[in-house]
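I am opening my notebook to set down, step by step, what I look up in this structure. The entries follow the order in which I turned to each topic.

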Amino acid sequence: MQLGAGKPPVGIVYDSDFGNRIDDALALAVLYGLDGKNECRVVSVTVSKPNLRAAAATEVIGRFYAGAVSGNFGATGRNLPVGLATEGPAAEDTPILRGILDSKKYEHGVHDLNDTAEPHAVIRNAFTAQFDQNCVVVLAGPATNLVRAMNLPGTKDWIAKKVRYLVMSDFEMNSKIDPAAARQLFAEWPTAVFVSGSELGLAMPFPGASLDKEFAWSQAHPVVDAYRAAKQMPYDAGTWDVTAVLQAVRPGEKYFKLSEPGSAKVSDDGRAEFVYSSVGKHRQFTVDPEQKDRAMQAMVELASAKPVVRAPRRPRNAVATDPAKPPAEKKQP
Amino acid sequence: MYAIALALSALAVDPATYDRVVKPLLGKSCVPCHNERNASGSLNLAPFQSHTSLAQGRDEWERILPKIRSGEMPPKGMPRPALQDVQALLQYVKLEFDKADALVKPDPGRVTARRLNRNEYSNTVRDLLAVDFRADRDFPTDDSGHGFDNIADVLTMSPILMEKYIRGAERISARAIGADPLPKKPMEAEYHSKDKNIQRVDRSTIEASHRVEWDAEYLIRIGLPGERSADSPPVKMGFWMDGKLLHTMSVETKPSKLVYFNPYSEEEFRLVLPEGDHVFRAGFIDDPFVKTLPDKEAYSDKKNKFLNMIKFLGPFPAKVEKASRKKILTCEPAVAGCTEKILTGLARRAYRRPVNKAEVASLLRFVDVARKEGQNPEQSLQLAIQAMLVSPHFLFRIERDPTDRAKVHPVTEVELASRLSYFLWTSMPDDELLGLAEAGKLRAGLDAQVKRMLADPRSAAFAANFAGQWLETRNLDSVKPDPVKFAVWGPELREAMRSETNLFFEHILRENRPMAEFLDGPYTFLNERLAKHYGIEGVTGPDFRKVELTTNQRGGILSHASVLTVSSYPTRTSSVIRGKYILQNVLGVPPPPPPPDVPPLNEESVGTTASLRKQMEAHRSNPTCASCHNRMDTLGFGLENYDAIGRWRDVDGKFPIDVSGAFPNGKSFDTPAKMRELLKDDLPEFARCLTEKMLTFALGRGLEKYDRKTVESITSKLASQGYPFQSMVFEIAHSLPFQSRRGEASLPVQKQETAKK
Amino acid sequence: MMTRTALPRRTFLRGLGAAVALPWLESMTSAAVPKPPVRMGFVYVPNGMDVRNWNLDYEGKLGQLSRIMKPLEPLRDEVTVLSNLTHNNGRALLDGAGDHGRCCGSYLTGIQPKKSATDIHVGISCDQIVANAIGNQTRFPSLELGMEDSRQAGDCDSGYSCAYTNNLAWRGETQPLPPVLDPRAMFERLFGVDAGLSSEDRARRNRFRKSILDFVSDDTRKLQQDLGPTDRRKLDEYLSSIREIERQLERAEKDNAQINPGMSQPYGVPADFAEHFKLMTDMLTVALQSDMSRVFTFLVTREGTSRSYREIGIADGHHPLTHHRNDPALMEKVSQINTYHVQQFAGWVEKLKSIKEGDGSLLDNCMIVYGAGLNDGNRHNHEDLPTLLVGRGGNAFKPGRRIVSRRETPMSNLFLTMMDRMNVPVENFGDSTGRLSGLNLG
C-alpha cells in the first residue's frame, strides 16, 4: 500500500446461523453500532441457517441501521446482498424470526431465494474488495459457509492477504453442528484464529432490563422485538456472538483474557477441543473478571446505539430498478 | 544497491530541519483533513510528518507538491499557511529530492523489442522500396499507452496482424518490382447511382470507394446524364483521389446534337493510379448554375446535367517506369551476381544493420525456390523481398544486450541510428545515418545528424505523429460534430484545422522558438478556409501561410480549432473535457479519476434552462467533487468563448458567455487571452510535461522513477535558455535513457498482480 | 469423427437465404448420424442499458417482452433471458475508477484487468479456451468482429490501457485478438482475395507462403536465443501467430472447393450502422454455416464510445447520454439506442433461424450470448448484467424463458456451462463458483 493512502475502517465479514439464538441478532446490532462509530464496516452478512426468513431478518436489521442494500457493491465494500445457504440442518422457523418478520413493521427486499446470494460467492467477493490486512471474519455459527468459500480456487490466497484474523464464537457447539467443516476450518484457515467457548457467553449475560432503558429511544426496533419473542421475558441472554464481535473489532481494549497459543481441533466423534501448542495459530479468549463490567457496558451501549445517518452513496429514490425495493405484484406472462 | 542509497538519503535528511520546515505546516494546514480517521481524498498525511516519508512516500510527495505549489491545497475556505513557509517547504523538499536522486544509480531503463506500428511500417516501406502502402487502412489498430502508439509493451502481435503482414508483403513486393504480368483482359469496375455503391456528396459531386488492384494506367469514364439549356456554358469537372485533385477537364452542358431518349454523355480520360483502397470523387468545380435549381430539378435530366457513374477500365501497362523499380533494380537481375548485390543492399537497409553472408544466402534461397517454380528473375527477386518484409529483423526493432545481461550499457551505434530515425522521421535510417553508424562515427557527429534530420522533409512525420498524439489532433479523424448544429464541418475544414496545428508545431520546432509560444504565440498558420472560420480577414487561397495575429482572440494551441474540436462533444462544448485536457497535456498533472464512491450529480433535474456553466456549478457545490472540479472546470470555462468546433462566440444560445475564473493562487482572468497569460506562469510545469511526453515518444516506453533525473536535468538546462523547443530534441538525443539501455538478467521479475493496498 | 461416405464437409456451396439441408443427413448411409457442430458466440454492447426498459418483472416462460427486448418478441422461443449474473472482477475492488476498461477486459475472461496503461495483463477468454481445443477442426479457430475503430489518441479509461476496451477476445494474459472492423477486410479474410487467381497460381502462392513462414520461424528461434526473457516473450507472440497462419494455410489447402459467399464484395465501411451490422453478420452467417469457424466474438461498438446514432435521430454521443443525471429526455435516448441494437440483432437471429441445418436450423445449433458489460450505464454497476442466451446449443438448452439466478452468481458460471456444451469442460474459469443451473440441459 502506498504511504498515505487512507484506509477505510476494518471490514467485517459476518457469518451466522441467524435465527436460532438471540445473540446472533444482538451481535449484528453491536456490529452496526461499531460501524456507526467508524470503528468497522459491515461488509457482508451471510447466513448458514437455510431459511429464507433468516436472510430476510438480517436484512431487516441491516436496513434499520444502514439503509437499503442495493447490491451495488462499491469499492468501500458495502451493499453486498445477503448470502444464504440452502442446505443444512435447522431450517425451521423460530420465534426470533417470527418476532422480527411477522409484524411486517420492517421493510426488506428478500422475498425470493433469488434475492439472496450463494454465501460462498458473497464471502469471496467481499474479500476481493478489502485493503490488505484490513478485514476480520466473525463466525457466529457452523463453519459451513466459510469453508465452502475457502475451497473456491484462489480464495485461500485472498484470505491470507486480506484477513487479519478470524473470531469464532462458542466453538464447541458450532463445531458440533458441522464437524467436517469445523475440522477443515481449523486445519486450513490461513490466518490467526480466536475462539471462545460455551462458558463465555453464559458468564456475561446480556441484561434484558436494558430493553426498557437504553433501547427506549426507539418505537420500533427489530432486535428488541426479536429479543422479546425469543424467550419468555424477563431473561438475560447468552452473549457468545456478542463477545466475539467485541474481540474482533476492539482487540486493543483487552476485554477478555487471551490464552496461550494452541490449535482448535475436532475429534473423530465430532467433539471440539483446544490443544495448547507453541506452533499453534489459534488462541482462546475467556472471561476476564476485572474487565467484565466494562465489556458488558460496551455491549449494551453499542447494541442500543442509534443508527447513524450517512450521506447516501447512491440516491435511494433515483432509479426505479433499485432491486432493494419490493417488486410489484409478480405477474404471470 | 538501492537500499544503500535509501539508507544514505535517509541519513542525509536531517530530522531537525524537517521537523522545523515541514512538520508544522503539514500539521496545521493539512493533517486536520487528511488523517487516519478522516482521510479526505483517500489521503492520510499523518505518516508524512516524519522525515522518513521523503524516501518512502516519494510518489505521494510528487503528487502533493504541485497542489501546494499551485495553491490548490489547502482548499478555499481553509486557513492558508504563510507564503514564505510554503516556499521554504517547497525549496527544502526539492533540495532533499535532488540529493536523493543524485545518489541513485543512473538507470536508463529498457525497452522491449518492439514491432513497427502502422505509420512506421508505411514510412519504412516507402523509404526502403519507394512504394506507397497505407498500413493504417489495412492493418488493425495499434493499441496505445501513455498517449502514444509506439510503446513497445503495448504493441502486441496477433494472427490477424500476421495475416496482414504476409498479404502486405506480397502486395508490396509485387508493386515494387512490378514483375507480375497484368491480366491480359482489362477488367471493368462500375460505380453507378442505381447500384447504390456510389454516394452523392452534393448536387454536382459523386464519390465512390474503389480498390485499385495494380499500379497501372486506367481508363476512367464518367457518366453524365441530363442536359442544360442551349446557352449553358461548359463547366470544369474535376477528378480527385483521396482528396487530391488528379485531373480536370471541360465538359459541355448544352444539348448535344445527338438524339437520345434520355440525354446522356460520357467523358473519359486515362490516369496512372496506385494500388490500394482509394476514395475517388468526380464533380463540377465552380458551378453557380446548379445552386439556382430547386430540389426536384437537380436530378432531372431535362433541367440539369449531373453525374451518376464512375467506371474504371484496366489495368493497362503504364508508360512511365516506376520509381520503385528505379530505386531497387540497380542492375539487371537476369545477369549473374546482380540479385545477390541487390539483396545485400536491401537486406542491410531493411534490417537496419550490416548483414552477413549467411543472411543474404538465406534470402537467395528464395530466388532459387521461385526459379524452380518457373518464375522469371524479377519475380524471383520479388519473393526474396517478400521474405525480407516478414522477417522479425524487419518487423521488430531489436536491441541486443551484451553477455553480462544485467549491466547498463550504451546501445550500439547502429541501434542508435534506428532510435534516432524512428524518433525524428517515424521511419528507417537513411544511408548517411546508417553509414556513419556502421563506421562508428554517429555519436561523434550526433548534433550534426539531428540538425540534418530535423531539416529533412521526413521530419514532418515527427510533427504529425508526436503532435497528433500529444495534442490529440489525430482524433479529428473520428470526431463527428453534429451536422445540424455545425453544418460548416467537413473534410476541408478538418484538414485545415489539422494543418494549422502541424505547421505551428513544426515552426516552433524548426525555428527553435521558446516553448511559451505554444501557450501564447502571437501568430499562427492559416489558409482562406480556416481564416474565414476564425473571422480573420485578408487571407485568400488554399495554401497555408504564417499570419501574425492582430487581436488576442487567438494565440497558442488552446485557441486552435483542432484542439477545441477534439475536446468537445458532438453537440456542445465540455468544460470538464477541456479542463482535463489542459491539466493532462499542458500542465502535466492529469486529474485523478473520480473517487469510487462519488455520488451522482445533485438530484434536482438539471435541465437545459440554465447555461452550461450554471449546470456545472453543481460539480462544485459538493466538496467531494469540488476538489478536482474547481481546477478542471475553471480551466475549461476559460475556453467557453470557443464553440465545439472552435469558432469564437459571445453567447451560447441565449446565455452570454462567462469565462471568468481564478487560479488557485488567487490570480483571476476574464478572457481566454488572460487565462493564457496566467498559464505562462506555469511554464516550468509545461516544459516538464512536454519533456516527459517527448521522452516517452522517443523511448517507446512509459517513464519510471529513475527517469526523473533525466527529466529534471533537461528542464533545468532549458530553463536557463528560456525553454527553446528544438533544443529539447537535442537534449533527449543525448540523454542517458536514449543513449543507453539496461540489460535483463536471465530470470525476469515475476509479473505481479497490482499490489492490493 | 465418424467415417462417412458423405460429400466432403466443405462442399456445400450455399448462398444466403437459400434454405438447403446440410449433407450430413442426406448422404449418410450408416446408422449413426453425426450431428452438426455446436457454435458459440458473444455479441457485446457497451455502456450498459437503461435498465428500466430492459428488466422483466416475471420469471419463467416468456410472454410480453420489455421495450428494449421487443424486437426479439417474435423470436422469444429462441431466447433465454438471464438475470442476476455478475462480474465481480469488473468492479473497482480498490482500483478506483475505470469501470469501462474493467468491464470489457473482464467480460469474457472473468479476471480483473491490471490497471496500467502499458503493462497489460488479464487472462485468457473463454472463447479462446474453446478455440484452442477445437479450433484445429475448422479453418479459423475463432473469428473476432467489431464495428468501431478505436480512439486514435488520448487515454482510454482512467489509467486502463486501450487494449482492454478495443478487444473482447484474449488469446492469453497479455495478447488480445483485435477484431476485424471493415466488412471488406472480413470478406477477404473469409473468402480470399484470389478471385483472379487460377487454382494453380493459388497453390503456388500458398507454397511460397509456407516456405517464407518456415524461414522466418527458424530465424526467429535463432534470434530469441540472444535475447532477454521479456524480448523473447514478445517474439513468442510473433511465433505463435505464425504457427496459427501455417495451420490456416494447411486447412485452406484441404478445402477442395471454394465457398460461395452469396454476396458481392463489400466496398468498405458503410456509414449506416444497420448496414454495417448486417454486412458483418451476413458474412459471419456464411462462415458458421460452412463451418469455417465455430467460435466468434462481436464487439458492437466499444465501451465508452461517443458514437452518435443519427440513423435514429440521436445526435449526442452514446456514453455521455448514459450519464444522464436522471434527466428523462436523455434516458429516453439511451433506451432508443439500446432498442436499436437489439433490433439489428433480432434481424440476424431471424436469418440464422431461417437456415436449415440437420433437423432444425442453424440457430438451434448455436449458443449466442447477447450482453452488456454493465448493468445501468449511469451507475456503472456490475451485477445483474443484461444477458440473453439465444439458440439451443444443439438441443442442449430450452429457451423461451427467463431464468433468474441468485444474486452475485458469477457470469463465469454461464461461460463454464457453455464450454461444457462445446465439449471443452474445464474445472474453473475466471471467478466461477460452479456451473449455471436451470438452463435445462437435455
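In which strand of chain B is Pro315(B) found? Before answering I note that I am working with a predicted model, and I keep that in mind for every entry below.

**Entry on cis peptide bonds.** I looked up Pro315(B) and found it in strand S10 of chain B, which runs over residues 309-316. I then turned to chain A, where a cis peptide bond joins Met233(A) and Pro234(A), with omega at about -5°. Pro234(A) lies in a loop of chain A, between helix H10 (222-230) and helix H11 (240-249).

**Entry on positive phi angles.** I next looked up residues with a positive phi that are not glycines, and one of them is Asp170(A), whose phi is about 40°. I placed Asp170(A) in the loop of chain A that lies between strand S5 (163-168) and helix H7 (171-177). Is Asp170(A) buried or exposed? Its relative accessibility is 2%, and because buried means under 20%, Asp170(A) counts as buried.

I also looked up Asn423(C), which is not a glycine either and has a positive phi of about 65°. I found Asn423(C) in the segment after helix H11 (411-421) of chain C. Asn423(C) has a relative accessible area of 65%, and because exposed means over 50%, I wrote it down as exposed.

**Entry on chain B as a whole.** I then stepped back to chain B, for which I noted 31 helices and 19 strands. The C-alpha trace of chain B spans about 100 × 75 × 45 Å along its principal axes. Of the 757 residues in chain B, 55% are buried, and the accessible surface of the chain comes to about 32,900 Å², with 55% of that surface belonging to carbon and sulfur atoms. When I looked at contacts in chain B with a separation of 6 or more, I found that residues 24 or more positions apart account for 72% of them. For charges, I recorded 107 positive and 100 negative side chains in chain B, and the centres of these two sets lie 1 Å apart.

**Entry on chain C as a whole.** I made the corresponding notes for chain C, which has 11 helices and 14 strands. Buried residues make up 67% of the 442 residues in chain C, while the chain exposes about 14,300 Å², of which carbon and sulfur atoms supply 48%. Among the contacts in chain C between residues at least 6 apart in sequence, I noted that 72% join residues at least 24 apart.

**Entry on where chains C and B meet.** How many residues does the contact take from chain C and from chain B? I recorded 77 residues from chain C and 84 residues from chain B. The area buried between chain C and chain B is about 6,900 Å², and carbon and sulfur atoms give 55% of that area. I also noted a count of nine salt bridges between chain C and chain B. I looked up a salt bridge in which the side chains of Asp277(B) and Arg184(C) meet, and I wrote down 2.6 Å for its N to O distance.

Notes. Residues are numbered from 1 along each chain as its sequence is written. Chains are lettered from A and ligands numbered from 1 in the order in which they are written. This is a predicted model: local features need pLDDT of at least 70, side-chain atom pairs count only at pLDDT 80 or more; totals for chains, interfaces and linings use all residues. Side-chain values use heavy atoms; hydrogens and water are left out. Helices (H or I, at least four residues) and strands (E, at least two) are DSSP runs, numbered from the N terminus. Buried means under 20% relative accessible area, exposed over 50%, partly exposed in between (1.4 Å probe, protein chains only). Contact means heavy atoms within 4.5 Å. Accessible areas come from the Shrake-Rupley method with a 1.4 Å probe; for residues, only the protein chains shown count as cover. Lys and Arg count as positive and Asp and Glu as negative; His and the chain ends are not counted. The place of a charge is taken as NZ of Lys, CZ of Arg, CG of Asp or CD of Glu. Buried area is the accessible area (1.4 Å probe) that two parts lose on being put together, summed over both. A salt bridge is a side-chain nitrogen of Lys or Arg within 4 Å of a carboxyl oxygen of Asp or Glu.
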